[in-house]
Amino acid sequence: MKKYLQKTDKRKIANEQVKAKIRLTLLELLKEKNALDISVSELTQRAGVSRSSFYRNYSSFEGIIQEIIDGMATFWQQYNIHIKLRAI
């Protein structure tokens with residue numbers, strides 16, 4: 001059972017690394033061109049991941065953008081709470 005958990009943990013870590021590569025690559029591409037001009041093929045090639053890895057994590061291109069926005073919102077929400085607590 002312990003080996004199974006270790007294997008699962010390694011997969012989760014690897015999967016998070018793939019997602020991070022995809023997100024960072026998208027942000028880099030957005031500096032160069034409009035989101036509508038970026039294809040999944042271009043994104044995955046630039047990130048060095050397979051299209052199947054992309055679709056394993058995201059159902060659509062919009063899913064990545066939503067994940068980035070959600071992450072930013074969570075960050076700012078936590079930052080705001082931290083600032084309020086410091087003011088107390």
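Tutor: Let us begin with a term: contact means heavy atoms within 4.5 Å. The model is a predicted one, in which local features need pLDDT of at least 70, side-chain atom pairs count only at pLDDT 80 or more, and totals for chains, interfaces and linings use all residues. Residues are numbered from 1 along each chain as its sequence is written, and side-chain values use heavy atoms, with hydrogens and water left out.

Student: With that definition, which residues is isoleucine 64 in contact with, leaving aside its neighbours within four places in sequence?

Tutor: Isoleucine 64 is in contact with Ile22, Arg23, Leu26, Leu43, Phe54 and Tyr58.

Student: How many helices and strands does the chain have?

Tutor: There are four helices and zero strands, and the order from the N terminus is α-α-α-α. Both kinds of element are DSSP runs numbered from the N terminus: helices are H or I with at least four residues, strands are E with at least two.

Student: What share of the chain is buried?

Tutor: Of the 88 residues, 22% count as buried. Buried means under 20% relative accessible area, exposed means over 50%, and partly exposed lies in between, with a 1.4 Å probe and protein chains only.

Student: Which residues have the most contacts inside the largest nonpolar core?

Tutor: They are Ile22, Leu26, Ile38, Leu43, Phe54, Phe61 and Ile64, in a core of 14 residues. Helix H1 (2-32), helix H2 (40-47) and helix H4 (61-87) each supply at least two residues of this core, and H1 gives the most, with four. A nonpolar core is a set of buried Ala, Val, Leu, Ile, Met, Phe, Trp, Tyr and Cys residues joined through side-chain atoms within 4.5 Å.

Student: On H2, which residues are buried?

Tutor: In H2 the buried residues are Val40, Leu43, Thr44 and Ala47. Seen down the axis of H2, they fall within an arc of 90°, so they line one face of the helix. The arc is that of the directions from the helix axis to the C-beta atoms. As a general point, an α-helix has 3.6 residues a turn, so residues three or four places apart point the same way.

Student: What follows H2?

Tutor: Glycine 48 follows H2, and its phi is positive, near 75°.

Student: Back to threonine 44: what does its side chain reach?

Tutor: The side chain of threonine 44 reaches the backbone oxygen of serine 41 at 3.1 Å. Threonine 44 has a relative accessible area of 2% and is therefore buried. Beyond its neighbours within four places in sequence, threonine 44 is in contact with Val49, Ser50, Arg51 and Phe54.

Student: Changing topic, how many salt bridges does the structure hold?

Tutor: The structure holds four salt bridges. A salt bridge is a side-chain nitrogen of Lys or Arg within 4 Å of a carboxyl oxygen of Asp or Glu. In one of them, the side chains of glutamate 67 and lysine 19 meet at 3.4 Å, N to O. Glutamate 67 lies in helix H4 and lysine 19 in helix H1, so this pair ties together parts that are 48 residues apart in sequence.

Student: Is lysine 19 buried or exposed?

Tutor: Lysine 19 counts as buried, because its relative accessibility is 14%. Leaving aside neighbours within four places in sequence, lysine 19 is in contact with Asn57, Tyr58 and Glu67. Glutamate 67, at 25% relative accessibility, counts as partly exposed.

Student: Which arginine forms a salt bridge with glutamate 67?

Tutor: Arginine 23 does, with the closest N and O atoms 2.6 Å apart. This pair links distant parts of the chain, arginine 23 being in helix H1 and glutamate 67 in helix H4, 44 residues apart. Arginine 23 is partly exposed, with a relative accessible area of 23%.

Student: And what does lysine 33 form a salt bridge with?

Tutor: Its partner is glutamate 42, and the closest N and O atoms of lysine 33 and glutamate 42 are 2.9 Å apart. Lysine 33 is partly exposed at a relative accessible area of 29%, and glutamate 42 is partly exposed at 23%. Elsewhere, salt bridges that share partners join Lys19, Arg23 and Glu67 into one network.

How values were computed. Polar contact = N/O pair within 3.5 Å; in protein donor to acceptor, adjacent residues only side chain to side chain.
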